[in-house]
Number of protein chains: 2
Amino acid sequence: MTPTSRTKLTRLPKRGAHDPATIYPILDEGLVCHVSYILHGQPFMIPIAYCRINDTVYIHGSVGSHFLRELAKGIDVCLAVTLIDGLVLARSAFHHSVNYRSVILFGKTRLVTDGTEAWDVLKQITEHLIPGRWDDTRQPNDSEMKKTMVLAIDVDEASAKVRTGNVNDDPDDAGLPHWAGVLPLTIQPRAPIQDPNQAAMEVPEYVTGWKR
Amino acid sequence: MTPTSRTKLTRLPKRGAHDPATIYPILDEGLVCHVSYILHGQPFMIPIAYCRINDTVYIHGSVGSHFLRELAKGIDVCLAVTLIDGLVLARSAFHHSVNYRSVILFGKTRLVTDGTEAWDVLKQITEHLIPGRWDDTRQPNDSEMKKTMVLAIDVDEASAKVRTGNVNDDPDDAGLPHWAGVLPLTIQPRAPIQDPNQAAMEVPEYVTGWKR
């Protein structure tokens, strides 16, 4: 994850980082990523579930997906994971900001043809969204595996950008009568809604205790 | 917002929509968007705050930003806004899904040079993040306006894709002993954290009452 001209930050470089200790936790906390690619000379993008295994990011979907079939050719992509942590309300409109943690990475897609690797990815995508779920499901059968395409994105470069902390107003604005501070934001679960076609069951602890 | 081959959905077309009544509320609820573009033949992407005014999406930032300077040339972009509404826990791993509402749009960037349009955008970006805030700030001065670049994305095409509702398991799996249902997810504010450099003030209602 060496910085090059593609990922070297030119604005606010103090906010950037290239080390796995910063990048991995952001990748592991996101629920969906955005993947951008080029088709017929135009930029395209799609939001999609994903997971990380070591240095590789994986996505999956239907073998009938035009998007995935394009990516299966092995093309350059840019992938983003963005976490919003709060609204930064400065005294001046100009210094308003957002607290966030984001990763941008570049890599080439690779169709996963090895059955073991594909299985591990499907398990990890489920566990990424909701740890503890995989062992409490009916796992994929041969027919479902054949309908599922798994793609790896072997990461060439990655960078994280993070803003934390409170407001950063101009000293001249210090005495203004506008409330200043941060409104922290989090993703919170609400009460689980059981499938109405299933007899009432106790909700598993990995569901009631889900958090990000 | 007419569908073409770029936005016509080939997978699960029942989930797609091209009407403003579906698209605008999604654009208005998101906090940040992702913008992808092509530079030197490579896909690039950045997460950024934004707002919508009528049929146009706007972003802004520093005039020193390499990213914005590239977009100021008037180039093709793809922009995504994605809202995550819940985790869909089917009995089978295969039918796990995510409830979401997303918009993908295509357009060309345009540097906003009209001072009134730029001012309206800065106001709307603030109000988009936290309605009621603009009138309770020190609004931009001439120097700050000169440091700020505002870009319009005049939308050529847009499409929304939405998944709602509960699980959709195979009938053969109906009797399996795995809890099935949806875990709804929302963005929730936590207690506001006032700037420690400001004397304690009552938190404004538009902050304490913020919701998405």
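In the predicted model, the side chain of A:R52 lies over the face of A:Y24, at 3.8 Å from the ring centre. In chain B, the charged end of B:R52 sits over the ring of B:Y24, 3.8 Å from its centre.

Chain A comprises five helices and 10 strands, and its C-alpha atoms fill a box of roughly 65 × 50 × 30 Å along the principal axes. Of the 212 residues in chain A, 50% are buried. Among the contacts of chain A with a separation of 6 or more, 71% involve residues 24 or more positions apart.

Over all chains, eight aromatic pairs were found in the whole structure. One of them joins B:Y37 and B:F44, and it is classed as tilted because the ring centres lie 5.8 Å apart with the planes at 40°. B:Y37 is buried, with a relative accessible area of 6%, and B:F44 also counts as buried, at 10% relative accessibility. A further pair, formed by B:W119 and B:W134, is edge-to-face, with 5.5 Å from centre to centre and 85° between the planes. This pair links distant parts of chain B: B:W119 belongs to helix α3 (residues 115-129), whereas B:W134 lies in the loop between α3 and α4 (142-147), 15 residues apart. B:W119 is partly exposed, at 28% relative accessibility, while B:W134 is buried, at 2%. Finally, A:Y37, A:F44, A:F67 and B:F106 form one aromatic cluster.

Notes:
Residues numbered from 1 in each chain as written. Chains lettered and ligands numbered in written order. Predicted model: local features only at pLDDT ≥ 70, side-chain atom pairs only at ≥ 80, totals over all residues. Heavy atoms only, no water. Helix = DSSP H or I, 4+ residues; strand = E, 2+ residues; numbered from the N terminus. Buried < 20%, exposed > 50% of the residue type's maximum accessible area, 1.4 Å probe, protein only. Contact = heavy atoms within 4.5 Å. Phe/Tyr/Trp six-rings, centres within 6.5 Å; stacked < 30°, edge-to-face > 60°. Lys NZ or Arg CZ within 6 Å of the ring centre and 35° of its normal.
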